[in-house]
Amino acid sequence: MAYDPLYRAYLLAHACRDNEAMEIEGVHFDLRHPDLDRNAWQPTALIGSPHHLETHTPRLLFPWSDDIERRIQDNRGDTAEVLEGDTLLIDRVQSLPVKADHGSLDHPHHQESRWAHLVVRRPSGRQRAVGQAWEFRGVADVMTPLARGNYLFARRALYARLCTAIGIEDIEDITLADSPKDWPKIATDIDPLYRKALDALWAAEGEHVEEAAAVFGYLMGRAEAREHVLPLAARHAEILDSNRRNARKSRKGGEETRRIALLVIAETPDINRRKCAEKVAALRGLVDIRSIEKGIAPYFQKVERGGYRPHPGAVAQARAAASEGG
């Protein structure tokens, strides 16, 4: 029996987005997969609806497909026809990295997409692979729908982020409430900016204040910056400050190393560079002989008989500079 198109679309939404196994006009849909938790990943189009004719959707035909759909799919290439009694399944899921604007600092859903490879299983058990994988995006992915001009999906992604931040499962528990008194319990330790974003969302959706929608987006960006970006910036500042302190320590330690090296050379004018470094290490209680050798290298020169011996000019110049500095 053919279903009303609106009712069929309703069932397809449950099969595709809500991960429910069901039969629709004789076709069995079982699109569950452990790598596609629908709380985290959602398809960009519904299989079996007019939206599945888009170029990035699987090439499939169903018992309810009309002549226009068949012509479109045939023009796309090899198309799998799903018949009554067949079952549509996800065979495997492929995770693909996405170049995010801010690399590893970007939201995880901006760094990855997932593609489901489908198969049609006949009642006999034979399976046919479906051409073109089925694209899934993270529910918190704002940038992909923005790049495609889909502001509805971008808004839903912001709602998903707010749900995560305030500890609720479904934004409709907020937007469909009669008043804030009917809201579900939200986390008590959230950033106040998320609470302000929630209030702006209520003003936009519950009280139809047009300007509040823009304020909601601004507050979400500011809250996420404070949560994710500012701690990293503070940590970066700490690292820079620590590096500066260490650099100052290194310069002071290097000066002491060179001062002692000049004393060792004064006692043993023909000492080679390695022996000099070892003596300096012993006197300063250090273990990195190679670093000491690099530090005192300007005081030595390679000689004909091999090895490095003190350079009289460089040593004299260093002693003169030390005397002026002292």
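Exposed here means over 50% relative accessible area, and buried means under 20%. All views show a predicted model.

**View 1. His 208, a non-glycine residue with a positive phi.** The phi angle of His 208 is about 60°. His 208 sits in the loop between α6 (192-205) and α7 (210-267). Its relative accessible area is 67%, so His 208 is exposed.

**View 2. Gln 132, with a positive phi of about 70°.** Gln 132 is not a glycine either. The loop between β8 (127-129) and β9 (134-138) holds Gln 132. With a relative accessible area of 28%, Gln 132 is partly exposed.

**View 3. A nonpolar surface patch around Leu 146.** Met 143, Leu 146 and Tyr 151 make this patch of about 320 Å². Leu 146 belongs to helix α3 (residues 143-147). Leu 146 is partly exposed, at 34% relative accessibility.

**View 4. The salt bridge between Arg 8 and Glu 25.** Side chains of opposite charge can pair when their charged atoms come close. The whole structure has 14 salt bridges. In the bridge between Arg 8 and Glu 25, the closest N and O atoms are 2.7 Å apart. Arg 8 lies in helix α1 (residues 5-16) and Glu 25 in the loop between β1 (22-24) and β2 (27-30), so the pair ties together parts 17 residues apart in sequence. Arg 8 and Glu 25 are both buried.

**View 5. The salt bridge between Asp 86 and Arg 122.** The N to O distance is 2.4 Å. This pair links distant parts of the chain, 36 residues apart. Asp 86 is in the loop between β5 (80-81) and β6 (87-97), and Arg 122 is in the loop between β7 (112-121) and β8. Asp 86 is buried, at 2% relative accessibility. Arg 122 is partly exposed, with a relative accessible area of 21%.

**View 6. A network of salt bridges that includes Arg 273 and Glu 293.** Arg 273 and Glu 293 form a salt bridge, with the closest N and O atoms 3.3 Å apart. Arg 273 lies in helix α8 (residues 273-284) and Glu 293 in helix α9 (residues 289-296), so the pair ties together parts that are 20 residues apart in sequence. Arg 273 has a relative accessible area of 19%, under the 20% limit, so Arg 273 is buried. Glu 293 is buried at 14% relative accessibility. The network links Arg 273, Arg 274, Glu 278 and Glu 293.

Note on methods: Residues numbered from 1 in each chain as written. Predicted model: local features only at pLDDT ≥ 70, side-chain atom pairs only at ≥ 80, totals over all residues. Heavy atoms only, no water. Helix = DSSP H or I, 4+ residues; strand = E, 2+ residues; numbered from the N terminus. Buried < 20%, exposed > 50% of the residue type's maximum accessible area, 1.4 Å probe, protein only. Patch = residues over 30% accessible without salt bridge, like charges linked within 9 Å, V, L, I, M, F, W, Y side chains within 5 Å. Areas by Shrake-Rupley, 256 points an atom, 1.4 Å probe, with all protein chains shown as cover. Salt bridge = Lys/Arg side-chain N within 4 Å of Asp/Glu carboxyl O.
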